[in-house]
Amino acid sequence: MSPFPQRLLEGYRTFTSQRLPTEQSRYRQLSERGQSPEVMVIGCCDSRVSPEVIFDAGPGELFVVRNVANLVPVYQPDGGAHGVSAALEYAVRALHVKHIVVLGHAQCGGIRAFIDKIEPLSPGDFIGRWMSMFVKPGEKVEQRDHETMQDFTVRIEKAAVFRSLENLMTFPFVRTLVERDEMNLHGAYFGVAEGSLFVLDQAAKEFRSVREIPASS
């Protein structure tokens, strides 16, 4: 058996010598009282897009679920194993989160594989079956006339956020709370190269730069 990754050991030692001393009391409180985050983030497992880093979140502040292309399946209680649905159920029913954020991002490998129809996105593997739920039966995802590949890719990356938000509303325990204004759904899009963040204006159905949003005093 190969040794544990040295990079992780070094990172842990840095954590214990620098960050842990300043947050030790916080960790003790979390261990005794349990977690009570108000925000759930559904993000991509891309290593460049860490919600805790992007939102500068401390321990216990975010309940994070990450998967390929930040997708949420439709509500399907069929007896199968549904990791995202289970996490969603726990966040809503046990933790009583007030906000659910679907975080998409630029240069998403899952979306690009879906667009290009390249290996390993083949009919029988896990990635292909996972990405297939992004499209409704009979729906076609195609590049528009005069649309560059870059613009097409960004459009589909953002469309994945819209589809996940739409699918969230198929869960009865989510829909009920949203309709009662007891919980809110949000979309966001992260630009990896610039570190830019765009949030969804649901009324206009457009993503707007956080720089346009006044900071609270």
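A crossing of two helices is called left-handed if the near helix is turned anticlockwise from the far one by less than a right angle, and right-handed if clockwise. By that rule, helix 4 passes helix 6 in a right-handed crossing. Helices here are DSSP runs (H or I, at least four residues), numbered from the N terminus. This is a predicted model, so to speak of local features takes pLDDT of at least 70 and side-chain atom pairs count only at pLDDT 80 or more, while totals for chains, interfaces and linings use all residues. Residues are numbered from 1 along each chain as its sequence is written, and side-chain values use heavy atoms, with hydrogens and water left out.

Helix 4 covers residues 109–116 and helix 6 covers residues 149–168; their axes come within 10 Å and cross at roughly 120°. The axes are lines fitted to C-alpha atoms over the stretch in contact, with angles running from 0 to 180 degrees between N-to-C directions. That makes helix 4 oblique to helix 6, oblique being what is left once angles under 35 degrees (roughly parallel), over 145 (roughly antiparallel) and 65 to 115 (roughly perpendicular) are taken out. On the helix 4 side, I111, R112 and I115 make the contact (heavy atoms within 4.5 Å). Helix 6 brings M149, F152, T153, I156, E157 and A160.

As for cysteines, the structure holds zero disulfides (a disulfide being a pair of cysteine sulfur atoms within 2.5 Å). The sulfur of C108 has its closest cysteine sulfur in C44, 4.2 Å away, which is too far for a bond.

Note on methods. Helix = DSSP H or I, 4+ residues; strand = E, 2+ residues; numbered from the N terminus.
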